[in-house]
Amino acid sequence: MSSSISERIITLGSSLPDSVRLIAVTKQVSAEIIRCAYAAGIRDFGESRIQEAASKQAVLQDLPDITWHFIGHLQHNKAKKAIEQFQWIHSVDSLKLAQRLNQLAQELKITPQVCLQVKIRPDPNKSGWSASQLLADLPALDQCENLQIQGLMTIPPLGLNDYEVISVFNSTSKLAKEIREQNWSNVQMHHLSMGMSGDYKLAVQAGATMVRLGTILFGERSV
């Protein structure tokens, strides 16, 4: 199994542009398999559950150059653990959460890197800002000086065709450009975290700098 994972990682990694960072999504993947992915060259790992990630992180402490990315919905009562355990939070989905993380980061004297989660299309199953809400909240977000706001993250709704999916990604890229041109002090737009196993090629076409891939690397997992 480890050799097939290594082969998939190497093949997929070589197909991505150098500008795109491959984040291996390891929900329900064992620490042993993560070691295999690490040996194949992966250094960025994404988890969506704080407790599950903590047990793996404890076992993998001997791999010091791993970067951990939190990609799941972040509950406010778990915000402190999230920024203690993860260098990146991709799923900052409200001003209230951003301000909470900013306060905690100041107390802990750390500066986590974050992406702001946006919903380009209405989706009752996803959290995040609408484009208009985000633009309205930018002055307050710019005051979150203890966060390194690095860009946007999005997940298209289920059931879209390819044309609709790439439209979501292109709109996200356009929104990032609009924000970048406003020249905020602390809100940077260096990254677009978008694209998963089923649509990452479309995301790359639209300018993704980070793709979050699980199934295509590790196979199907239960929800």
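Hi everyone, let me start with what a pocket is: on a 1 Å grid over the protein atoms alone, it is an open set of points where a 1.4 Å probe fits, with protein on both sides within 12 Å along at least five of seven lines. Lining residues have an atom within 4 Å of a point, and a volume is the space filled by probe spheres set on the points, which are joined across faces, edges and corners.

Please remember that this is a predicted model, where local features need pLDDT of at least 70 and side-chain atom pairs count only at pLDDT 80 or more, while totals for linings use all residues. Residues are numbered from 1 along each chain, and side-chain values use heavy atoms, without hydrogens or water.

So, the pockets. The largest pocket holds about 1,300 Å³ of space. Its lining has 42 residues, and Lys27, Ser48, Ile71, Ile155 and Met196 lie nearest the centre. By class, that lining has 16 nonpolar, 16 polar and ten charged residues. Helix 3 gives the most to it, three residues.

The second largest pocket has about 150 Å³.

Now to the cores. A nonpolar core is a set of buried Ala, Val, Leu, Ile, Met, Phe, Trp, Tyr and Cys residues joined through side-chain atoms within 4.5 Å, with buried meaning under 20% relative accessible area for a 1.4 Å probe, protein chains only. The largest one has 66 residues, and Phe45, Ile89 and Leu141 are among those with the most contacts inside it. Apart from it lies another core of six residues, including Cys115 and Ile155.

Technical notes. Buried means under 20% relative accessible area, exposed over 50%, partly exposed in between (1.4 Å probe, protein chains only). Helices (H or I, at least four residues) and strands (E, at least two) are DSSP runs, numbered from the N terminus. Ala, Val, Leu, Ile, Met, Phe, Trp, Tyr, Cys and Pro count as nonpolar, Asp, Glu, Lys and Arg as charged, and the others, Gly among them, as polar.
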